[in-house]
Amino acid sequence: MDILQENFPQLFYLYSTYYTPYASYIRPIRRALLLTQSYFYRYAFPTLYPFYVLTLRLLRSVLTEQPSLASLALLAILLLVSLKLMDMLRRTIIAWIAFAVRMIMYAGVALIGVWVYQRGVEQSLEDLGWIIGLFAGLGEHGEKVGHARAAGRAKEARKIPQGNYRRRTKGAGW
């Protein structure tokens, strides 16, 4: 809240003055907001308004009338039934996911067995060593590329002048 109180006079000044140095930045944002509002009121609001009115009437009637004990009991029963159904649904989904993971693991073991059977144990071990070496080489290559990029960024950072002064720019309204 303090931020709003501190910055409100500046924001009001920007809003109330006709020409500001920031007008070129504010104008597209304001235009986008106005176009969004126009689209909403032209297309979405007529469709949503009946639902809005019905929902408000329903909420008003539910909140203003005195709830009876039977309606509260019915609400509690509906809540318990819905929680039971959701629990059954959750268990079913977890069971199917576990089944799919098991099938993928068994298929992977079967594929490895077929691969070893076709290639032989010695050739399969050589292939496994080659795959491990490939991943190790990719890791080393990644480290080299990362170090080269870091050195390039450090060189670019050294080119930026030190100091806390602002340069004059064209077209910023200064």
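Leaving aside neighbours within four places in sequence, Ser124 is in contact (heavy atoms within 4.5 Å) with Trp115, Val116 and Arg119. This is a predicted model, where local features need pLDDT of at least 70 and side-chain atom pairs count only at pLDDT 80 or more, while totals for chains, interfaces and linings use all residues. Residues are numbered from 1 along each chain as its sequence is written, and side-chain values use heavy atoms, with hydrogens and water left out.

Ser124 sits in helix 4; helices here are DSSP runs of H or I with at least four residues, strands are E runs of at least two, and both are numbered from the N terminus. With a relative accessible area of 5%, Ser124 is buried, a label for residues under 20% (1.4 Å probe, protein chains only). A polar atom of its side chain lies 2.6 Å from the backbone oxygen of Gly120.

The chain has four helices and zero strands.

There is also a nonpolar patch on the surface, with about 1100 Å² of accessible area together; Trp115, Leu125, Trp130 and Phe135 are among its residues. Such a patch takes residues with over 30% relative accessible area and no salt bridge, joining nonpolar side chains (Val, Leu, Ile, Met, Phe, Trp, Tyr) within 5 Å and like charges within 9 Å. A salt bridge is a side-chain nitrogen of Lys or Arg within 4 Å of a carboxyl oxygen of Asp or Glu. Helix 4 gives the most to the nonpolar patch, nine residues.

Terms used: Accessible areas come from the Shrake-Rupley method with a 1.4 Å probe; for residues, only the protein chains shown count as cover. Buried means under 20% relative accessible area, exposed over 50%, partly exposed in between (1.4 Å probe, protein chains only). A polar contact is a pair of N or O atoms within 3.5 Å; within protein, one must be able to donate a hydrogen and the other to accept it, and residues adjacent in sequence count only if both atoms are side-chain atoms.
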